[in-house]
Amino acid sequence: MLRAGFDSLLFLVMFLVFTGFAVAALVFAAMAREDAYRAAEKQTKKFWLIVLGINLALNLLLPMLFLQIAGLIAAIVFMVDVRPALAQVSGGGRGRRGGGSSSDGPYGPYNGGR
């Protein structure tokens with residue numbers, strides 16, 4: 001009896017994690033500019049929106065583990081390969097929102113003790 005409850009909880013957690021990751025990947029894909037995909041030499045924005053949209057739809061409509069894992073792989077590829085490339089060609093690197101110089105530290109520019 002306890003085993004069935006654990007299995008149900010495990011599948012619920014997996015469903016929520018996979019679906020949340022699919023939503024996040026789809027939102028990031030939709031927010032990027034079309035020309036950034038071409039500049040990064042990746043598949044088109046339309047391609048990624050279709051792939052990630054199908055992934056989300058399958059997660060919501062047919063929660064079958066092998067389909068969820070296939071969709072998770074597509075979302076992971078987008079998040080670890082395509083998204084960083086898009087950020088790089090769009091000028092959106094990590095920690096560079098203010099447009100500071102390369103010698104900036106966490107509290108302002110580093111001047112070498114001068």
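The buried residues of helix 3 pack against helix 1, helix 2 (34-39) and helix 4 (65-90), where contact means heavy atoms within 4.5 Å and buried means under 20% relative accessible area, exposed over 50% and partly exposed in between, computed with a 1.4 Å probe on protein chains only. This is a predicted model, in which local features need pLDDT of at least 70 and side-chain atom pairs count only at pLDDT 80 or more, while totals for chains, interfaces and linings use all residues. Residues are numbered from 1 along each chain as its sequence is written, and side-chain values use heavy atoms, with hydrogens and water left out. Helices are DSSP runs (H or I, at least four residues) numbered from the N terminus.

**Helix 3**

- The 17 residues of helix 3 (residues 45-61) should span 24 Å at 1.5 Å a residue, and this agrees with its end C-alpha atoms, which are 24 Å apart; the expected span is 1.5 Å times one less than the number of residues.
- Lys-45, Trp-48, Leu-52, Asn-55, Leu-56 and Asn-59 are the buried residues of helix 3.
- An α-helix has 3.6 residues a turn, so residues three or four places apart point the same way.
- On the face of helix 3 turned away from its buried side are the exposed residues Lys-46 and Leu-61.

- Thr-19, which lies in helix 1 (residues 2-31), counts as buried because its relative accessibility is 11%.
- When residues up to four places away in sequence are not counted, Thr-19 touches Leu-56, Asn-59 and Leu-60; Leu-56 and Asn-59 are among the buried residues of helix 3.

- Leu-86 is in contact with Ala-32, Ala-36, Tyr-37, Ala-40 and Phe-78, leaving aside its neighbours within four places in sequence.

**Salt bridges**

- The whole structure contains 4 salt bridges, each defined as a side-chain nitrogen of Lys or Arg within 4 Å of a carboxyl oxygen of Asp or Glu.
- One of them joins Asp-81 to Lys-42, with the closest N and O atoms 3.1 Å apart; this pair links distant parts of the chain, since Asp-81 is in helix 4 and Lys-42 in the loop between helix 2 and helix 3, 39 residues apart.
- Asp-81 counts as partly exposed at 36% relative accessibility, and Lys-42 is also partly exposed, with a relative accessible area of 28%.
- Arg-38 pairs with Glu-34 in a salt bridge whose closest N and O atoms are 3.6 Å apart, and both residues lie in helix 2, 4 residues apart, about one turn of the helix.
- Arg-38 counts as exposed at 54% relative accessibility, whereas Glu-34 is partly exposed at 31%.
- Arg-33 forms a salt bridge with Asp-35, the closest N and O atoms lying 2.9 Å apart; Arg-33 is partly exposed at 45%, and Asp-35 counts as partly exposed at 36%.

How values were computed
Helix = DSSP H or I, 4+ residues; strand = E, 2+ residues; numbered from the N terminus.
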